[in-house]
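Try each one yourself before reading the solution.

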Amino acid sequence: MNFDNPYILNSTFRLTEVYSVLSSKGIRAAEFKTGVLLHVCTKGLRTYPHYPNIVPCIHAVGGYVVHHTDFTIVAEWVEESEQLSDTISQVVQCAFKILEMYKLHSQPIKIALSAGKFAKMRLGDEESQVCVVIGPAVEEIRSAEALLDHGAFVLCPEAWRHCDGQNLTVENIENEEAVKVRCSKEQQSVSVEDRHRYNIDIHMTRNLRKAYLLTNVERDSVIRKFMMRTALNKIHENWQWATLPDIWPATIMFVNLQFVHTRTDLAFSRHKGNEIIAEQMFSCRGEICNVFFFDEGCIFVCAVGLPGDKRQDKTAQALQAAYRIHETCRKEIDSVSSISIGVATGRVLYEFEQTPLRKEYRVSGEKVYLAADLSMDYLGIVSCDVATKLYSMLPLSTLVPQGRISQLENVCYRDDVNQMLADKAAVSSGGMDGRRLALANMQTMEPLEETVVKYASAIGHTFTIEMLKHMLPHMSENELTIPLRSLFRVGIFKCASKPRNVSLTQTCYCENSCKEYIRVSMDPVWTCRQISFCNNDEMEMVHKLTERNKGLFCLIHMTCANYLEKKTYRCSMCDDRSFIFAHKAATDDNSEHLQEIYKAIRPYEIFRSQGQRMKPS
């Protein structure tokens, strides 16, 4: 900042302490006064010979220094409104005296003067106490930052309206109400006696006095951070003593509402916000998992696509709901100052609890925190991560890419002109684009899942569990079960066996599904023996991505060929030199599926024996 104004969130004070001062309750308790603020800033202010004379000049005209560091001095004058014009005139003369001192040494200096209401609030204990100054006078003096050149003296709008302008030569600033002061026809001086009388040796004190001049935007930032941190801490605390949660792919929505209102408006704003969000969650089959209320706003944590929801367009429905929440709250809740919605898609930890009154879902995990970060970093809009963009299958023209913020992935937000997200017809109920689906799934996979999918894609559309175990020897079947279950759950893999009796609840139709073993085993058991990709386009996309790594791709095929060659034999009744596979129930391999795998990798010419190895017929 041009004024070297310290940022309060970077201070050593705890966020709860800062919030207690800046909250609605803290502001209501503050005493606002009318007065003048003078801000003096230059590099190495305390190192110049004339620095000891600045404070006596300020004190001589009735000022009080509230902030002084190596770079900045801030002083205040508290007066009745009727005396404000005279006080401004005196402070202007004081400012010119300071300018003269530093011009003698050709040192660049910046001075701004504002007038109006402001309040000072104390923060910290006696040893480390600082002031937080807020109010219209602070807003004006901070807005002057962009107007100051080195050596400039700016009168902010309210100070310019109240001062005696006849004695000043000023320069108007284009498109601004503030003015630059060039000189004064009325010259006053501070005598040597006055300097000695008012000289307080503050420049030699051990601890410099510090004040934070906060704008409303910065105050809102503090409140928003406190709200978000409190909400995330409570979400985390709710999981401390919980049982081991399930993992499920879902779209998380963090809705951050901030209000500007009186206390009587608060109940209506909360109720109306809850009503709007509940209606949109019902329309997209989502759930409100957590609600956190504060004096300055509220946070809703929602989830779309929890267990039981197998719609392919659920992510697009979630984005549509987020957009409609944003627009409806802006139109129907007058007290809303800001509504920011972050949307993230991926694996989340969830728990379900049925109470006598309602169903309760609790969610946590990386994607919950990502959605929260998005709502903090992209204020006033609906933003989403890359996975949400890809899973939504919405036209990319409706989602505008943004740069990285807070080390997040590239995110997207709605186009203000394009209303595609608000149009239900924009969401196709047909098939999904396999290429975008593959990229979306790769964005949200765990490293182990990604390895399994890459190896499987190199084999082909269909593969066996025995072959997969052979290709990943470092993983036991129990270890392989965890990523396979997740990949089945999110719809990347499915059972390749032909269903005998189709059931809505049955996901595997393999003959030897080990059901009896599952009943008595405490270990995870994988029952499906023949596996395939759910989407052929997705398999081909991952296949192409894997093929770029030539070394890995060749290794996978060599391992696969080695496995197939161990399974082949040649009929002794004929001279057929092609691969023939025996049906071996003990290894759970199906001859038909092995033939499919062979055909998929045969063009790469990596087989050594090409079916020459003999087996007894």
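**Exercise 1.** Find the bridge partner of His39 in β4.

Solution. Start with the pairing: β1 (residues 32-41) and β4 (residues 110-123) run antiparallel and are joined by 10 bridges. Strands here are DSSP E runs of at least two residues, helices are H or I runs of at least four, and both are numbered from the N terminus; two strands pair if DSSP finds at least two bridges between them. Now read off the partner of His39, which is Ala112.

This is a predicted model, so local features need pLDDT of at least 70 and side-chain atom pairs pLDDT 80 or more, while totals for chains, interfaces and linings use all residues. Residues are numbered from 1 along each chain as its sequence is written, and side-chain values use heavy atoms, leaving out hydrogens and water.

**Exercise 2.** Which residue of β3 stands opposite Gly35?

Solution. β1 also pairs with β3 (residues 72-78), antiparallel over 7 bridges. Opposite Gly35 you'll find Val78.

**Exercise 3.** Classify Ser89 by accessibility.

Solution. Locate Ser89 in helix α4 (residues 84-103). Its relative accessibility is 22%, so Ser89 counts as partly exposed.

Conventions: Buried means under 20% relative accessible area, exposed over 50%, partly exposed in between (1.4 Å probe, protein chains only).
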